[in-house]
Amino acid sequence: MGLRSFVRFSLLAFAWLDSFHPKFVAQAGVSSPRSNYTFYRLDVTELEELTARKSTEVKVDNSAKVSISSASGAAVPLKPNTRKKVESEKLRGNDALTGIKTAPNCHNRLKMPGKKNDKTPEGDQGRPATNVMSANAFSEIKKRAKRNVRATYTDNVDRSSSGDARSKERLVETVQGVSNSRPEYRRTGEESRGSNPRQSEPHLDTSTFALSGDSAHNQAMVHWSGHNSSVILILTKLYDFNLGAVTESSLWRSSDYGSTYSKLNDKVGSRTVLSYLYVCPTNKQKIMMLSDPEVESAVLISSDEGASFEKHPINFNILSLLFHPAQENWILAYSHDSKLYSSMDFGKKWQLIHDNVMPGRFYWAVMGLDRESDVVHIETRIAKGRAQYVKCRAQRCTEGNRLYLFPGHVDTNSLVVQDEYVFTQVTKSGRASYFVSYMRESFKRMKLPKYCLPKDMHIISTDEKQVFAAVQEWNQNNTYSLYISDSPGVYFTLSLEDLRTGRGPGGNLLVDFYKVEGINGMYLANKLLDGHVKTFITYNKGQTWALLPAPATDVAGNNLHCILPFCSLHLHLEMSENPYTSGPITSKKSVPGIIVATGNTGTELSSTNLGMFITSDAGNSWRQIFDEEHNVWFLDNGGALLAVLHAATPIRHLWISLDEGKKWDRHSFSLAPLYVDGVLMEPESDNHIITFFGHFSHRSEWQLIKIDYKGLFNRRCMDGDYQKWHLHNKGELCVMGEKQIFMKRRPGNRCMLAQDYSRIYSSDPCLCTAYDFECDYGWERQADGKCSPAFWFNPNGATKSCSTSQSFLNSTGYRKVLSNNCKEGGRNVFSPKRQACRPRPPRGLRLSTTQAELSAAVGSNVTFMVYLDEGDSLRTSIQLDFGDGIKITYSNLSRTDDGINHIYRTTGIYRVTASAENNQGSDSSTLNIITHSCPVERVYLSTPTVAVRGKEVNLTAVVWPSHIRTLTFFWWFENSSEPIITLEGSISYTFQREGINKVTVQVASGSTIMQDSKVITVKEFFRSLLLSFSLALDEHNPDIPEWREDVGRVVSGVPEEQLLVSLYPGLPSTAELFILPDEHTSREHKSGSEDALEAISDIFVTALNQGLIQFELKADINIIVYMTQQTLAPLVDSNSIHSGSATLMLLTVVFVGLAAFFIYKFKRKMPWIHVQAEDRHEKEPEVISTVGQNDNMSKVKLSEFPSPKELMEKELEARSRGK
């Protein structure tokens, strides 16, 4: 998933992971109802880690719209986001691009965002990928041939002002604010007189060049070679939309920063038709061009910035390219027939790596993580919806040299390799599980809060060794929630609910989330709150969020009267749809604290009455600078601001500010109004040159206007030109655990900033507070800022690591925010505390396979995982009996961390038993493994919670999917050595023993088996009450067994020996409260115990009727429990005489019951009271419980059981005898 920052976060960056290579990716399109031109562009992304670059294409046609399509030469791991939002991509890769426009498919896959500033989906570098419509266009243009301009951006473009200018113009008009801006302005002052201002006054030098002779060409690709180079390449093409092919092309080259151009058709071959242009991201002098495959399949290579070319034929059609992040000659090429090729000599020779490769799901090695730099990570399709993760070396990827690092199959379009992480996804029984590998270690399941139950997930960022993810929970439809992980990317906690989202034209997810550059831990997000979309800001990496304060006045100086929290400022947090525009929001690392954005004031975000707003103090205060939409760029390393009206009509002016937007100077850049198609610039260069491109009318040539803005400055900045600025959050100087002072240029100084000047003057750590920490997994932030355990989480039962030492770090409920620099001191210690490992018997031993499968092919590896919830794991030995006569013993649990592999050689059902033992006690767990695939996906056993000894109860097994074929059911009761076998999914059974009884049902279909288990409490008698709940519980009820069990445990609040609460399936939420007799009561005191139950029942009835019983489901969500009616639970006849001891017992139980409920009611407010732990292990979703059988039945073959036919014959025989 190439994600760096969310600012860079465009969820189109994945658009879930279109490509993890790019740190962020953007795709976009722009349309206008008044324009007859269509402008397409291939997005270009600077691949910081996997340096692949995208071309940018602009098409202009007769349709009334301007659209941008992006394509790049590098594979993009997660999908890039397109639209007015940050877009995230599922676990998708660089989608292959077929034809002119191919939208990436991100349906039901883990996604990742692309880098906002890079604007290039790494995986789509070969073809136009996505078209997005936007409200920017050319108007009043007659129907004519379509035009398309492509620009390939490169890093650090360096351009000078040399060369003759065809037209020059200088004009400055200074204003304090810009209101009612128009697309054109009257020529005034020195402009009208045609004279030049004095050289000491701010001015722009412009020159215009027209691409003559290619007026019929409707596409163009532009490339600036980059730092310290004056070369610009332009490829123009005539694309026939009827034929779907390029029929003509011309290659133009400038060596004087765009002042003049020369045609290179003779150097590439007069009959050669070129289709795409690529630039090596690590050596900008190396150029690769592709010929149109309809004419010939060849690559043209240049090592001197296009001064000369070599042609090399190829035997496949290249759809996308991915350049190596460090080796300039290494390239991966994805073909039209889903094959992946590699070249180690910059395209002269190619070698096949693998076939059936998923589009965009191939990645070069990440330097410093993969041992060999030529390693390639690939996702290959093996069947519909199923794929494999393959790792091999680019020139040695034969079957014997391939590594399959993920155990089993993965979902197609789900592999993402990004920074330190590898992500993938596996879907079973309609529920997706997400897996992550950190630092190339073994895969682990990503842990979201237990009842998040994600329907969809998009990886937003992997910056700073931490994962940001947008997750659509089971009860969300149009919104997503923001989750933040620990460093390994395994445990996630909630940061912000109900982020506004949408879908791009290619189906990519768009999430309104933006990372502010230059300020650590600062983000903006649009949240749906009470039906209104509002913009929120955080300074501590998502721990607290607040509304944005509105400006005091508008651009004209009128008082806005916008007071928090009823009125606030709302911003569009979109990535630029047009790669040649700045987008609705921009910030820059070199100018920390300055943000320029499009937005509005009021009660919610609007798409009308938009203006431009700026902050110079990191969002603490805002000013309005324009009352219309503008594109704004940072010039001179952030020292100046350039603004261009976002208009559908031709313009000839731009605006410059040297004082952080307080004052704007208007400059003319063209004698005639220009329909601006885009602006090309390299902000990091020292040459102070930008290029406008567009056309004067629908009949004119493409115009390139070179602008040298060096005349705005009169000298280099000195020490006295800077001032200090203190970062703060509403007056609080400690931000992300430190006090920071930045250096800024004094507003209004006309000096040029040096690239290497230090922005940070000083940084001092602060003492830690609760908000320097995020709540640990299983804990939730309360209204008072403290972290408390979630209702489903038992902090005392959490796994403690004592495998390597005699102590462990015990969580306090907090984990420090990554990149926070506070220092802990005093009484408030939030970090985990080291505690000694107490000798404890093993409890909660669990045995499962890596993917929770109970079937395997004969001869294949089965990996077993052993987990222990409690116990001294350093001194606890583990024995695993595989059920086929083979046993293995480990001296301690740590030796089983990577799993235990085993191969079964014959078919059958194998009973696998894990045993844990130390000097304090022992525990065991079992499961059955079948050596064939199973058509049964899930089994659910429905049983009563409590049963009466000696009375029949009904048990039912529900099977998914439903089968018309005959199934065989094996019922295991009370540790029986042999099961009861039926052909139906229900059975009646009478329990003869009081206590806890485990029931397991196994369902056999063919030669396979699935199972589920339940625990039934058996008593001589009990009382029960039917319960109902306040409506808020239904909104958070996913209606799954695990949730019902956890809520039932929270409602009871006391040990199961006294009270049990069982929630029923379905809505509205209802439950039954079981009041059980004291298990230590003797038979002679049975009568008194019955009276005690009646008394306790009466107490509960009174408390329930008065609404006194409630519990906290989540922060600020309290659920009140009501009584529906009292049931007539069976009571055994008994003597009515009460003994003294029975009376004493009655009083004890009553007081204990009352105390338990009152303690529970207030326990959330008492930090010294912990949640009562259950004896049995908390059930994880999708985990099938194990069967308890005797050890003498280690292996069971299906052939040993009666066939369905034999069972039916026996049943008919029994019926005939009964007659």
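Let me begin with a term: a disulfide is a pair of cysteine sulfur atoms within 2.5 Å. Before I use it, please keep in mind that this is a predicted model, in which local features need pLDDT of at least 70 and side-chain atom pairs count only at pLDDT 80 or more, while totals for chains, interfaces and linings use all residues. Residues are numbered from 1 along each chain as its sequence is written, and side-chain values use heavy atoms, with hydrogens and water left out.

How many disulfides does a search of the whole structure find? The search finds six, and I will take three of them in turn.

In the link of Cys562 and Cys567, the two sulfur atoms are 1.8 Å apart, and the angle about the S-S bond is -100°, which is left-handed. For the surroundings I need another term: buried means under 20% relative accessible area, exposed means over 50%, and partly exposed lies in between, computed with a 1.4 Å probe on protein chains only. Cys562 counts as buried because its relative accessibility is 11%, and Cys567, at 16%, counts as buried too.

Cys392 and Cys397 form another disulfide, with 1.9 Å between their sulfur atoms, and this link is also left-handed, at -85° about the S-S bond. Cys392 has a relative accessible area of 3%, so it is buried, and Cys397 is buried at 6%.

Is the link of Cys768 and Cys822 left-handed or right-handed? Here the sulfur atoms are 2.0 Å apart, and the torsion about the S-S bond is about 90°, so this disulfide is right-handed. The pair joins distant parts of the chain, 54 residues apart, with Cys768 in the loop between β55 (760-765) and β56 (773-775) and Cys822 in the loop between β60 (814-816) and β61 (833-836). Those element names come from DSSP runs, numbered from the N terminus, where helices are H or I with at least four residues and strands are E with at least two. Cys768 is buried at 9%, and Cys822 is buried at 4%.

Now to the packing. A nonpolar core is a set of buried Ala, Val, Leu, Ile, Met, Phe, Trp, Tyr and Cys residues joined through side-chain atoms within 4.5 Å. The largest one has 44 residues, and Phe1029, Phe1100 and Phe1111 touch the most other members. The helix α5 (1086-1105) is among the elements that give two or more residues to this core, and α5 gives the most, with six.

Finally, the empty space. Rolling a probe the size of a water molecule over the atoms shows where empty space is left. On a 1 Å grid over the protein atoms alone, a cavity is a set of points where a 1.4 Å probe fits but cannot get out, and lining residues have an atom within 4 Å of a point. Which residues lie nearest the centre of the largest cavity? They are Val591, Ile594, Gly638, Gly639 and Glu660, out of a lining of 19 residues. Two strands, β44 (640-645) and β53 (738-745), each give two or more residues to that lining, and β53 gives the most, with three.

Thank you, and I am glad to go back over any part.

Technical notes: On a 1 Å grid over the protein atoms alone, a cavity is a set of points where a 1.4 Å probe fits but cannot get out, and a pocket is an open set with protein on both sides within 12 Å along at least five of seven lines; lining residues have an atom within 4 Å of a point.
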